[in-house]
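Let's work through a pair of protein chains together, one question at a time. Have a look at the structure first, then try each question before reading on.

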Amino acid sequence: MSDAPTGESSVVLEVSGLSVHHGQLCAVEDVSFSVSRGEVLAMIGANGAGKSTLLRTIAGLHTPSGGSISFEGADISRLAPHRRFARGISLVPEGRRLFSSMTLEENLLVGTTKGARGTFTIEAIYELFPWMRERRRSRVWQFSGGEQQAVAIGRALVANPRLLLLDEVSLGLAPIVIERIYDVIPRIVAEGVTVLIVEQDVGQGLKVATRVHCLLEGRTSLTGVPGELSDADIERAYFGASLHDSERRAGGGA
Amino acid sequence: MTWLNIVIQGALVGGFYALFACGLSLMFGVMKVINLAHGDVAVVAGYTAVFLAPKFGVSPLWSFVVVVPVFALLGYVVQRTLIQKSIDRDPFTTLLVTFGLSVLIENLLLEVYTANGQSINIGSLIGSSFQLSSTIYISYVSLVVLGVAVAVLGALQIFLGHTKTGRLIRAVSDDREAAQLSGANYRHIFGIAAGIAFATVALAGIAYGMTTEFAPSSGVTNLIYAFEAVVVGGIGSLWGTLVGGIAIGIAQQLGEHINPEYQVLAGNLLFLVVLAVRPNGLFGKKTAPS
């Protein structure tokens, strides 16, 4: 994609040597990557590869055991989640996590409370998802999975983030619904938002991404541009070692 | 007429229970903390009104003007320090810490002010009442307390429902992590919730001291009724707490009418029946499918 403005390809997010532990378990190990303004980076990998942990660490919900995260040039590794939100990072968490006692509109209002003003107003969200307007006073727990996912994305967008983190938005949704949700991503990117997507559904991730980063058991197994990677490369990076690879790893090379 | 009197007197007491209980319900709803020292905070507010306020030239009748804001601040500070520290460890620690706080407060009050009953001197207002019928008298003070309870619950309802901070409090209550991802500093929100809880229970403590005598042990006694009001009404519903408080109040009056010894028993029985028949309480939130 030639969406990235020339001469202004500034790095928005820079992750270097990041490691995250859940107790004894090492979920993310020495992962480095960067995302530039206007890019869509898809983080792919199998279940348990550490993708969600990585995203949650960027949002501030986990403390890294090593390495650093910098956002727009400033180190944010030690900031609390609400401070990172104030700087322009919004995470759409896995499983939607809506405020279940509230109406649709109240969920969006919570997003605006501490968020920045910008193009994504509540009105703009209703234009992005026209069905919302008429149901804005309904309680969200009655909504279908796809509708809840849309509300979760809306809630993150109304804060007008500069970096949007999407965690497994397609999980548990019907293909047609996934399609519809992914349709809005180009429109979000067009507003200058940098997007980092975590996906188990590789096909979906490759379709919207400008770059791909594959994780395997917490480590980087592949990086590249979607069009330039062969299916075989991706398969190996996604599912892990063939016999040859595992011998190499056992030999001490990482 | 006797029955009507039971209902009226029960409702008047019930308003006090609701005022006493709403902070307990809020703290449980927002930070999942059961503050076992909640009742003792009310008693401390009572002692503050009786002994400290006059030293600063504040008359006991108007002591709430000073005491309530001070307790709001105190609530915020206690939450951000002591209670937050215990939340960070585990939920059981908060029970132990607030229980310890309760014991500590009660014994300190015993040490300093003895076990003698105290009351907030409001002069001739205490005895004044009006006659509804030949057998029904309504005390002005009790009526004012009920009115204050309704006003406080109404104000709280509007605050939680229609202000930015109120919405953030509900967001944290629904899903703390998701609220953080929406920019809420949950520790600050916890502090605000505790501030409201301390302020309302301080008001309840002063109201209590105006209508009857209190002693260092009154906190624990009233905490039980507050618990019952919250559970009967349903956790998470402010108006439910009011209805629960009134229901407990009426049950107690009814018990007392049958035999003065049954006053407390009748309230507890109602609580047990509701717990058995409707564990979510009369107006409890239906648990949303997640």
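Q: What radius of gyration does chain B have, next to that of a compact globule with 290 residues?
A: This is a predicted model, and the value is computed from it. A compact globule with 290 residues would have a radius of gyration near 19 Å. Chain B agrees with that expectation, so the answer is 19 Å.

Q: What share of the 290 residues in chain B is buried?
A: A residue counts as buried if 20 or more other C-beta atoms lie within 10 Å of its own. In chain B, the share of residues that are buried is 50%.

Q: How compact is chain A, judged by its radius of gyration?
A: Chain A has 11 helices and 10 strands. For its 254 residues the globule rule gives 18 Å, and the radius of gyration of chain A is close to that, at 18 Å. Chain A is therefore as compact as a globular protein of that length.

Q: Which helix supplies the largest share of the side of chain A that touches chain B?
A: In total, 23 residues of chain A are in contact with 18 residues of chain B. On chain A, α2 (81-87) and α3 (104-113) each supply at least two residues of that side. The largest share, 5 residues, comes from α3(A).

Q: How do the residues on the side of chain A that touches chain B divide into nonpolar, polar and charged?
A: Here we look at the 23 residues of chain A that are in contact with chain B. They divide into 13 nonpolar, 6 polar and 4 charged.

Q: Are α3(A) and α6(B) roughly parallel or roughly perpendicular to each other?
A: Helix α6 of chain B covers residues 164-174, and its axis lies 10 Å from that of α3(A). The two helices pack at an angle of about 110°. Angles of 65 to 115 degrees count as roughly perpendicular. The two helices are therefore roughly perpendicular.

Q: Which residues of α6(B) make the contact with α3(A)?
A: The crossing of these two helices is left-handed. From α3(A), the contact is made by A:E106, A:L109, A:V110 and A:T113. From α6(B), the residues are B:K164, B:R167, B:L168 and B:A171.

Terms used:
Residues are numbered from 1 along each chain as its sequence is written. Chains are lettered from A and ligands numbered from 1 in the order in which they are written. This is a predicted model: local features need pLDDT of at least 70, side-chain atom pairs count only at pLDDT 80 or more; totals for chains, interfaces and linings use all residues. Two residues are in contact if their C-beta atoms, placed from the backbone, lie within 7 Å. Helices (H or I, at least four residues) and strands (E, at least two) are DSSP runs, numbered from the N terminus. Ala, Val, Leu, Ile, Met, Phe, Trp, Tyr, Cys and Pro count as nonpolar, Asp, Glu, Lys and Arg as charged, and the others, Gly among them, as polar. The radius of gyration is taken over C-alpha atoms; the globule rule is 2.2 Å times the number of residues to the power 0.38. A residue is buried if 20 or more other C-beta atoms lie within 10 Å of its own, exposed if 12 or fewer, and partly exposed in between; C-beta atoms are placed from the backbone. Axes are lines fitted to C-alpha atoms, for helices over the stretch in contact, and angles run from 0 to 180 degrees between N-to-C directions. Angles under 35 degrees count as roughly parallel, over 145 as roughly antiparallel, 65 to 115 as roughly perpendicular and the rest as oblique. A crossing is left-handed if the near helix is turned anticlockwise from the far one by less than a right angle, and right-handed if clockwise.
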